[in-house]
Amino acid sequence: MEYPLVSTQWLEAHLISPDLVLLDASMAVVLGKEPIVYSEPVCIPRSRRFDVEEDFCDKTSSQTHALPKFEQFVEGIAKLGISRNSMVVIYDNQGIYSSPRAWWIFKVMGFHRVYVLDGGLPQWMAEDRVTSSRYQEEGIDYGASDSEELTAVLEYQPAKVMDAEAVLAKLDDSDSAIIDARGSARFLGQVSEPRPGVRSGHIPHSVNLPFGDVLNGFKIKDVTELVKLFQGLVSDKPLRIFSCGSGITACILILASVAAGHTDAVLYDGSWADWGSRNDLPIER
């Protein structure tokens with residue numbers, strides 16, 4: 001995979017490009033970090049809203065946050081005016097938090113021209129770049145794309161996502177590493193889980209890399225630092241399986257792994273909210 005992020009400088013220079021679609025994938029609830037709170041609505045000009053909790057989440061699933069169905073995704077991006085020729089850039093209002101989740105949804109669904117804005121809205125604002133109080137053409141149809149054409153050119157990538165049974169089968173695989181993005185206290189089972197009925201601990205043989213460890217301020221760490229970080233943690237294991245609380249912050253680690261040049265990343269979409277709620281699955285503390 002190519003480098004998955006673009007800079008604020010690049011975005012500002014290309015903001016009016018006709019094929020660029022800018023998406024705000026901010027979430028209402030932020031866990032695992034001190035949230036940045038805004039006193040009034042603010043976004044980057046020409047942004048469109050990408051709702052990872054409602055419009056691009058399978059609400060029929062028992063999982064807390066489940067990847068959307070392919071048809072749901074295609075219909076959603078078509079309504080946002082995204083076509084096969086679009087270049088999509090995604091950001092969020094925490095720096096790098098939920099935008100990688102949206103990016104990975106695009107990747108799983110087979111859409112390749114998609115990138116994350118390094119540093120997101122906080123970095124953009126820290127550099128005194130222009131902001132807006134409303135999304136592009138708020139309340140107006142973006143000019144929906146052809147969903148049939150999108151369906152024809154996109155190809156769902158099932159190898160980029162796993163369920164609990166697939167992860168269980170990999171526990172003793174010497175070529176696989178399971179990496180947990182939660183904080184160390186949750187990983188070690190030293191604190192209760194925030195979701196009722198979910199056990200404390202971690203998946204057996206998994207390793208802990210809190211998502212904040214791949215960030216430098218609002219931005220992702222540089223490639224050299226990321227390569228060293230992952231090599232020290234999982235050596236050269238070819239398959240990296242990423243987990244977290246409910247499938248959101250694991251994607252931050254996937255973004256960092258891809259930025260470091262690794263190509264075989266998989267998301268355990270149910271993550272600990274799924275694994276920890278099932279008494280038939282083993283845990284460690």
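Ala, Val, Leu, Ile, Met, Phe, Trp, Tyr, Cys and Pro are counted here as nonpolar, Asp, Glu, Lys and Arg as charged, and the others, Gly among them, as polar. On this basis, the lining of the largest cavity comprises seven nonpolar, one polar and two charged residues. The model examined is a predicted one. It holds one cavity of 30 Å³ or more, and the space in the largest cavity amounts to about 40 Å³. Of the 10 residues that line the largest cavity, Glu2, Pro4, Lys107, Val114 and Tyr115 lie nearest its centre. Helix α3 (99–108) and strand β5 (114–117) each contribute at least two residues to this lining.

According to the unreviewed UniProt entry, the annotation "domain: Rhodanese" covers residues 16–133 and 172–284. Over residues 172–284, the corresponding values are 27% helix and 18% strand, and the end C-alpha atoms are 14 Å apart.

In soluble globular proteins, nonpolar side chains tend to be buried together. In the present model, the largest nonpolar core has 60 residues, and those with the most contacts inside it are Phe50, Ile77 and Phe106. Helix α9 (residues 250–259) supplies the largest share of this core, nine residues. When neighbours within four places in sequence are left aside, Ile77 is in contact with Phe50, Phe56, Ile82, Phe106, Phe111, Leu150 and Leu154.

Ile77 is also one of the buried residues of α2, together with Phe70, Phe73, Val74, Gly76 and Ala78. The elements covering the buried residues of α2 include α3 and α5 (147–153). Following α2 is Gly81, with a positive phi near 80°. The loop between β3 (47–49) and α2 (70–79) contains Asp58. Asp58 has a relative accessible area of 12% and is therefore buried, the cut-off being under 20%. Residues up to four places away in sequence not counted, Asp58 touches Ala66, Leu67, Pro68, Lys69 and Gln72.

Most residues other than glycine have a negative phi. Asp128, a residue other than glycine, has a positive phi near 60°. Asp128 is placed in the loop between α4 (120–126) and α5, and counts as exposed because its relative accessibility is 70%, where exposed means over 50%. Ser235, likewise not a glycine, has a positive phi of about 55°. The loop between α8 (223–234) and β11 (239–243) holds Ser235, which counts as partly exposed at 42% relative accessibility.

A further loop, between α7 (184–187) and β8 (207–208), contains Gly197. With a relative accessible area of 68%, Gly197 is exposed. Gly197 and Gly276 are separated by 79 residues in sequence, while their C-alpha atoms are 8.2 Å apart in space. Apart from neighbours within four places in sequence, Gly197 is in contact with Gly276 and Ser277.

Technical notes
Residues numbered from 1 in each chain as written. Heavy atoms only, no water. 1 Å grid on protein atoms, 1.4 Å probe; cavity = no way out; pocket = protein on both sides within 12 Å on 5 of 7 lines; lining within 4 Å. Points joined across faces, edges and corners; volume = space filled by probe spheres on them. Helix = DSSP H or I, 4+ residues; strand = E, 2+ residues; numbered from the N terminus. UniProt positions renumbered as here; feature names shortened; annotations may be inferred. Core = buried A, V, L, I, M, F, W, Y, C linked by side-chain atoms within 4.5 Å. Buried < 20%, exposed > 50% of the residue type's maximum accessible area, 1.4 Å probe, protein only. Contact = heavy atoms within 4.5 Å.
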